Amino acid sequence: MPNYTDVTEFVLVGLTNRQELRVLFFVVFLVVYMITLLGNIGMIILINTSPQLQSPMYFFLSHLSFVDVWLSSNITPKMLENLLSETKTISYVGCLVQCYFFIALAHVEVYILAVMAFDRYMAICNPLLYGSRMSRTVCVRLISVPYVYGFSVSLMCTLWTYGLYFCGNFEINHFYCADPPLIKIACGGVRIKVYTMIVVSAVNVTYSLSVVLVSYTLIVVAVLRMHSADGRKKAFSTCGTHLTAVSIFYGTLVFMYLRRPTEESVEQGKMVAAFYTTVIPMLNPMIYSLRNKDVKEAVTKAIAKACVAR
């Protein structure tokens, strides 16, 4: 029988042990984190204060920005602390809490992207009924489902993580508490955790991605039937930003979680996770602002109003 040990804290190996790279990574990720906070909080304020952005699409986008802020804040501060610290420890309870919020927020974001795809389908394929079908009440209900489902599923997944047993190796080969590296150092309760992690990830990615693909298939069919070239261009323009965000998000998520945790996959996963938890939350507001005419006009008006106020 394995000699199970009570664990009170873990050691996070981090991205690298080289001192010069740790300082460089600290500066880079600190800048990225600050841009993430400013970009997403700015997007939320802009959407809630600009009259031209009071539509379901931007309502959902404000929630995407909200989730990105908390997703990045759940991981980045501890990573920055450990880059400058020699101990690099995290308590067992802190590790479980980090796991819980990461899984919850990842699920919420997956389904917000699916809801945004459905919203684009309703706007393009049913424009005459869009206002009544996507009322404020309907939007609130649609956005509530990802939050309730994400935090509920995360509780179940975290309980399975709590069921892992450890035999003295408390060194996590990662910069935050993630399931694959925790599974690699566990010596009990591994099988059920591996299978449930893969099944839950596969089911949720498949289901949410199906909503996205079906929505955009119907959108493409509807757009190709349009007689106006300007109408087709506008439809593809509003969908292009969302498709860009979806492609980046799902690509990294599939690479991270739809594989069995091995030494090689964990090492590769660290680089992908750094991109997923820090860079993607920074990119989302940029993607939606730089490629969206309404957002650019709202930003211009907000800047002009601020200058006049001075």
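So, strand β1, residues 9-12, runs antiparallel to β2, and three bridges join the two. Strands here are DSSP E runs of at least two residues, helices are H or I runs of at least four residues, and both are numbered from the N terminus. Two strands count as paired if DSSP finds at least two bridges between them.

Before I go on, this is a predicted model: local features need pLDDT of at least 70, side-chain atom pairs count only at pLDDT 80 or more, and totals for chains, interfaces and linings use all residues. Residues are numbered from 1 along each chain as its sequence is written, and side-chain values use heavy atoms, with hydrogens and water left out.

Back to our strand, then. Which residues of β2 are the bridge partners of E9 and F10? E9 has S91 as its partner, while F10 has I90. With β4, β1 pairs in the parallel sense, over two bridges, and there V11 stands opposite E171.

Put together, that gives an open sheet of three strands in the order β2-β1-β4, with mixed pairing. The edge strands are β2 (89-91) and β4 (171-172), each pairing on one side only. If you look at the two faces of β1, F10 and L12 are on the covered one, whereas E9 and V11 are on the uncovered one.

Now let's zoom out to the chain. We have ten helices and five strands in it. The radius of gyration is 21 Å, close to the 19 Å that the globule rule gives for 310 residues, so the chain is as compact as a globular protein of that length. That radius is taken over C-alpha atoms, and the rule is 2.2 Å times the number of residues to the power 0.38. Along its principal axes, the C-alpha trace spans about 70 × 45 × 30 Å.

How much of the chain is buried? Buried residues make up 48% of the 310, where buried means under 20% relative accessible area with a 1.4 Å probe, protein chains only. As for contacts, meaning heavy atoms within 4.5 Å, residues 24 or more positions apart account for 81% of those with a separation of 6 or more.

Technical notes:
Buried means under 20% relative accessible area, exposed over 50%, partly exposed in between (1.4 Å probe, protein chains only).
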